[in-house]
Every structure is written in C-alpha cells, then in structure tokens.
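Opening my notebook on this one. I'll jot down what I looked up, topic by topic.

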Amino acid sequence: MSSAEFTPPMLHGVSASKVFLKPSAASICSIYDYLCVQFPHIDAAEWQQRFRDGLIYDANGTKLLSDSLFQANSHVFYYRFLKHEIHVPFEHEILFENDDLIVVDKPHFLTMSPTGQYVQETLLVRLKNQTGIEQLTPIHRLDRETAGVVLVSKRPETRGIYQQMFAERKVQKTYHAIAPYTSDIQFPLTLRLHMDKGEPFYTMQVKEAEANTETEIHLLAHNDQWAKYLLKPHTGKQHQLRVHLNHLGLPIQNDAFYPCVAHKADNDFSSPLQLLAKQIEFIDPVLLKPMNFSSKQELNL
C-alpha cells in the first residue's frame, strides 16, 4: 500500500494528526525520540502510552512501536487523547441540519474544538461522535464560556462560501447578556471602540485609537440590580461584547476576565457567564434563501 492510499480513520471522534519527520542534527534513533524533541510540551510518558495503545502509524498504515526506527523525510500519523479529561456536564442540541450545515445550540463551558486540556469534551468531537462525519468544521466560534447558536460545516465543497459570508459581515448575530442595571445610561446606544490584545495575553483591552469594533446595545428588561441586554455586534473581535459592556461599567455577570481576571477551578460549573448567542440570521449562500435560528436557552434576571 502506498502512502497516498492510507487515510487514518476517525477514532472516537478524533482525526489523526500528520507529522513530517524532518532531518535532525540531534542524535535521533527512534520515532519516539523525534516526537519527544518535536513536542517538548507533551510528556514523554504520554507518547509511550500512545505507542502502547496503537495510536501511532507510519505512512503506510502500520502501527509503530516506541523503538520503531526514525526515518527522515517520511511522515507518521498520531491520535491525540488525554488520560484525564474533566467531563462537561451539559449537552449540546442540534437545531437544524441539511446537506451542508449543522446548526447547534452550544452549552456554557464547552470548548469548540480540541485544544489544551480538552479533546473529547469539545463540541466538535462530540458532534463527530454523534454524526460519524469526520469533515465537520465550525464556520465561526464562540468562547468556551459563551452559550448559544453556532454553525458547523458538513462539506468541504461549500465550507468556503459560508466562511466568506462571515468574513463579509453578511450574518446578523444577536446576543443576550445579564449585566448590572444603571439609569445613568440611555439605551439603545451604539458603542464604537478600538480593541487590541491585553495583558494577560488571552484578554483584550480598549485603546485610544480609531474604532475597530462596533456593538448596538438595547435594554430588554431590568430590576433594581440587574438588566437583560440585547447586543448586536457589527464587528467580530475576540471578547468584544464582554469588553464593550465592561467599558460602560456594566461587566457581564460571572465574567472571570473583565474587569479583572479571576481564575476558577476547571471543574467549577456553578457560575456560567451570562452571555448567550441567542439568534443568527443570514441569506444562505447555497440555497439563496433567508435562514434564522434561535437558541432554546434563556438568560433570566
């Protein structure tokens, strides 16, 4: 069997990663040695376990052992699994499906795609396990902390046209958020700010410069302490809605980043960020007809 013929199968919703074995100046004898050098952030014992579990293949589809010889200018496939992964005790719901799209209602705390400490406990891998479709790819993203409607592509042939729809801002997204109530600000209002990378690196900050973000904000309901806001972002910067409300002095309820970073335990699911991607509207670029999807979840005062 030639290398072109071997395609590693999807395993438990996880697609194999491909690694090219570059010539190395170091004294590399085995593929195990090479992988340990190439990926120093992965514990050597984890690579040993992957070899023992038969999760590493050569270009022809032969399972490799930890003492399999290193051969430069070839490639290997490996599967990524975590020994210990915290279960996210909330389920997604498929709202709509056709030949090209799956529309999903994502719960809070569920990361979109495998990253860091999450593989099986991600929306993408759960969907791949549920549907058996390896080609699934999110067309846009929601933060782990944010719940609500997200679009997933089923077919590479039409994926680009849906991604372009987002790039050209032809999608209207509506969010709901719970944040402090104030009578000092008149709503509705449109907020325009310049946002850039903050410190720590995974946060964003507002700078004095030409605006590169815009959000329309409406007041839906309130009591003496809290209000429910409707947010329509006209741009799509990371953490935009969280930063915009915080800039008004109205940080979203249970926000662990704004106004200050306050890390919570990874298994603490008690206080979800009160931000929901409630609705998404667009003209389907394949079907050429209006589409409108709403989350079944609600945020309450």
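Which residue just after helix 3 takes a positive phi? I found Gly132, with a phi of about 75°. Helices here are DSSP runs of H or I with at least four residues, strands are runs of E with at least two, and both are numbered from the N terminus.

A note on what I'm reading: this is a predicted model, where local features need pLDDT of at least 70, side-chain atom pairs count only at pLDDT 80 or more, and totals for chains, interfaces and linings use all residues. Residues are numbered from 1 along each chain as its sequence is written, and side-chain values use heavy atoms, without hydrogens and water.

Back to helix 3, residues 123-131. I looked up its buried residues (under 20% relative accessible area; exposed is over 50%, partly exposed in between; 1.4 Å probe, protein chains only). They include Leu123, Leu124 and Val125, and also Arg126, Leu127 and Lys128. Among the elements covering them are strand 4 (93-97) and strand 5 (101-106), along with strand 6 (137-138) and strand 7 (147-153).

Next, disulfides, meaning pairs of cysteine sulfur atoms within 2.5 Å. I got a count of zero.

How values were computed
Contact = heavy atoms within 4.5 Å.
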